[in-house]
Amino acid sequence: MRKAIESIDDENPEIVVENIIKAQLIGTWHSQIGTESNLFKRSIEVVPSIGSDSFQLEGNELKEFMGAVSTQEKDRMELGRYTIQKDTPAFLDGNKFFQRHAIIVGGTGSGKSWTVANILEKAANLQSVNCIIFDLHGEYQPLEGLDNTATLKIAGPSDAEDNKNIVFLPYWLLSYEEMEALLLDRSDNNAPNQARALFDVVIKSKRSRLSSDDDKQKAILDNFTIDSPLPYDLNNVINQLDTLDKEMVEGSSSKGKQGPLHGKLTRFIQRLKSKQSDKRLNFLFSNEDTLQKYEWFNALVEKLMAFENDKPGSKIVDFSEVPSDILPLITGLVARLIFSVQQWTNQESRHPIALFCDEAHLYIPNDVKDSIDAKGLHTFNRMAKEGRKYGVSLVVSSQRPADVSKTVLSQCGNFVAMRLTNPDDQNVIKRLFPDSLGNFSELLPVLDIGECLIVGDACLLPSRIKITEPKIKPISATIDIWTEWSKKKDKNSLIQAVQSLRQQSKST
């Protein structure tokens, strides 16, 4: 801040200009400590006296200082270059970045996808990397060209189970509360009766399935619950519900009287049959026999979480064909399965896993609108609070941090903040930044594309960094509209799009 001061002497007026800098003490730089040189420590060991001269680091001194900040990270993950010293690579502590959870935020076109791709590119080089990317638009598919990386897709209407890159999530994986959120209409006066009937019939169906295995599953039969991921026949459930809906019991007349649930399950059965026949929900209600096998769940878990024996450790899961109205439920289902497996793995055998949640505001919302949003959100909130104990890390990415769950944001210890122009989004990030950073967050709206502020446990100092361009770029680059308008295009592309829309598949 520059301030002009006029002297009091009227005969000889003089304008004195003073440059005032507000400084925040953040640590101590040592040129030498014992046998070690060029060290930076976050502790305040020396406090300058009032009136002391101050100096700006420039040239080799600045390069040496930034090098001290970077090279002290033990398990280093290079993310880019410092804006104030472009010759010096910026490293983060890879352990602390994932241990404390992280959030990557920035407006559309600011470089979030490149940042995620950059991190995945570095992680793919690790021998036993284990991470899952929730890809909502199929934009990370090109990254399957990285070593140790594969792409998976939640099944669409025309996909079959025999494709190894297709993921089915059969209905019997849903918890009871998730089934309720998907099928139950709480505005129906008979909703409590329908919920109880569903509970009883599903328990009965699971028990019947286990009992038919010639006592092979006796231990499970004695201890299973409504939420245990066990196959059961949905058609059998519908038939039992239909029987209850039409049941007649003994009464005073010869025809008897209506049973306690007579006519109260009709609308529920109709909704269930409607969901079952909806081709968009093929991944949930496919009738393929393979999906009903007891051992099939093992194959699903390995597809999502296995990393050893030459199996790819980085899995990009494409959710682009999941209907948007149930997206929070399905992403929450996948997250819950992963978290549950980690919980039930013996501690000595547990291998850490990271979940990259792209476009998190769509399924980890701050404003819950219905039970479907609530069920998915519950899982992510729990992972944010308890995941560290079980080796589960969250890396949340969003262009609208104001719309992301405050619980998840509050548990993130690392922030990669790119350009944000929306005042609400800026305020959310400013409140999460430490108070000691002063006006550091004021840079958010003026950051360049691909430039970010990094704050948190993974870096010694809050830093302004230019992200390195990834070798393989996601399909998220901003389209040069004027240039594209200048090119001659294939007119048949619209006809092909209409055909794809009708068949619910982009395959020709």
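1. How many helices and strands are there in the protein? There are 16 helices and 18 strands, counted as DSSP runs (H or I, at least four residues, for helices; E, at least two, for strands) and numbered from the N terminus.

2. Before you read on: this is a predicted model, where local features need pLDDT of at least 70 and side-chain atom pairs count only at pLDDT 80 or more, while totals for chains, interfaces and linings use all residues. Residues are numbered from 1 along each chain as its sequence is written, and side-chain values use heavy atoms, with hydrogens and water left out.

3. Overall, the C-alpha trace spans about 120 × 60 × 55 Å along its principal axes. Of the 508 residues, 45% are buried (under 20% relative accessible area; exposed is over 50%, partly exposed in between; 1.4 Å probe, protein chains only).

4. On to charges: the salt bridge count comes to 19, taking a side-chain nitrogen of Lys or Arg within 4 Å of a carboxyl oxygen of Asp or Glu.

5. Have a look at E451 and R464, whose side chains meet in a salt bridge at 2.9 Å, N to O. E451 sits in strand β17 (residues 451-456) and R464 in strand β18 (residues 463-467), so the pair ties together parts 13 residues apart in sequence. E451 is buried at 5% relative accessibility, whereas R464 is partly exposed at 26%.

6. Salt bridges with shared partners also join K153, D159 and E321 into one network. Within it, K153 and D159 meet at 2.6 Å, N to O, and K153 counts as buried at 17% relative accessibility.

7. Finally, R280 pairs with D278 in a salt bridge, with the closest N and O atoms 2.9 Å apart. R280 is partly exposed at 37% relative accessibility, and D278 is partly exposed at 22%.
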